[in-house]
Amino acid sequence: RAKKTAIMYSALWNLVTPFTVFLLFLTLSIIILANLYPAVAALLMRTLPYVVYDWIRGTNRERLCLEYVLATARKGDAESVLDAIDQFTENHRWMYNIGRVKRKTVLDKVVQDTKPKKVLELGMYCGYSAISIARLLEPGSRMYTVEFSSRCADIAKEIIAHSGLSERIEVITADSKDIVSDLESRVGIMGGVDLLFMDHYKSFYARDLKTLIEHNGLHQGSVVVVDNVIFPGAPEYIKFIRNHRDFKSTLYEVRDPTRTFDGMEVSTFQPKTL
């Protein structure tokens, strides 16, 4: 009996020790982050417990967001769907989308001012920004949105369908670099896009825009909007766009009480030689 007890305690110790070490490491990491990067630490403290809880339950925040939208938003009402996602983000789980403040103060205004016919989005996630843009497009306009994650793309399709905008939005599951290098054959866009919105990997912003320019993916007057240029930041992109002679850029700083201080960069393509 004593031997069995010893074996049991040994097994328990082998289980608990790695977990304890992990918790200590995590705690120290958060303390260091809190001193160096308070905003990052606050985000971790807000999201990490839910990530663990959802993992134990065998679900994820994207799936929960879809369920919340289907349960609370009016079918066929894009505004209701956007409000539901905002409510879910603010009250339940933090989501990787631009949020209501950026949407209303920056993105909506750009779409209304430019009246684009051909829109390309890189980084759809769960469809929030795609719905935001598509709901304001004029008849005959078309939006193409690219998402690398097939899981997120599938969820986004259901949310977009619930918003009633499936006919206006084409979802493409692919790597962004494969799309921007050949818009005509991969997407069917000829003559370049009127509006480009990027909200995928920040390190890909400059790469994908350069590729798009090289393959005539923009035209005179094309507008490029990118998110998160302050937090977490996109230094390579900012250096490229603000020093490019063919772009006129403006930074819109956004103070959203439910999110970290951030900004969106809006640039107009005005090539000196075509």
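Which residues in helix 4 meet Gly-99, Arg-100 and Arg-103 in helix 5? They are Glu-79, Leu-82, Asp-83, Asp-86, Gln-87 and Glu-90. I'll come back to that pair of helices.

Some ground rules. This is a predicted model, where local features need pLDDT of at least 70 and side-chain atom pairs count only at pLDDT 80 or more, while totals for chains, interfaces and linings use all residues. Residues are numbered from 1 along each chain as its sequence is written, and side-chain values use heavy atoms, with hydrogens and water left out.

Now the overall picture. The protein chain has twelve helices and seven strands. Both are DSSP runs, numbered from the N terminus: helices are H or I with at least four residues, strands are E with at least two. Of the 274 residues, 45% count as buried. Buried means under 20% relative accessible area, exposed means over 50%, and partly exposed is in between, with a 1.4 Å probe and protein chains only. The chain exposes about 14600 Å², and carbon and sulfur atoms supply 59% of that. Those areas come from the Shrake-Rupley method with a 1.4 Å probe; for residues, only the protein chains shown count as cover.

Next, contacts. Contact means heavy atoms within 4.5 Å. Take contacts with a separation of 6 or more: residues 24 or more positions apart account for 70% of them.

Back to the helices. Helix 4 covers residues 78-91, and helix 5 covers residues 99-114. Helix 4 and helix 5 pack at an angle of about 140°, with their axes 9 Å apart. Axes are lines fitted to C-alpha atoms, for helices over the stretch in contact, and angles run from 0 to 180 degrees between N-to-C directions. Helix 4 and helix 5 are therefore oblique to each other. Here are the cut-offs: under 35 degrees is roughly parallel, over 145 roughly antiparallel, 65 to 115 roughly perpendicular, and the rest oblique.

Helix 4 also packs with helix 7, residues 150-163, at about 135° and with axes 8 Å apart. That makes helix 4 oblique to helix 7. On the helix 4 side we have Ala-78, Val-81 and Ile-85. They meet Ile-159, His-162 and Ser-163 in helix 7.

On to the rings. How many aromatic pairs does a search of the whole structure find? Six. Trp-94 and Tyr-96 have ring centres 4.8 Å apart and planes at 85°, so this pair is edge-to-face. The rule covers rings of Phe, Tyr and Trp (its six-membered ring): centres lie within 6.5 Å, and planes under 30 degrees apart count as stacked, over 60 as edge-to-face, the rest as tilted. Trp-94 is buried at 16%, whereas Tyr-96 is partly exposed at 47%.

Tyr-205 and Tyr-237 are also edge-to-face, with centres 5.7 Å apart and planes at 80°. Tyr-205 lies in helix 10 and Tyr-237 in helix 12, so the pair ties together parts 32 residues apart in sequence. Tyr-205 is buried, at 0%. Tyr-237 is buried too, at 0%. Ring pairs also link Trp-94, Tyr-96 and Tyr-125 into a cluster.

The charged end of Arg-207 sits over the ring of Phe-204, 3.9 Å from its centre. For that, NZ of Lys or CZ of Arg must be within 6 Å of the ring centre and within 35 degrees of the ring normal.

Last stop: Ala-130, in helix 6. Is Ala-130 buried or exposed? Buried, at 0% relative accessibility. Leaving aside neighbours within four places in sequence, Ala-130 is in contact with Glu-121, Met-143, Thr-145 and Ile-169.
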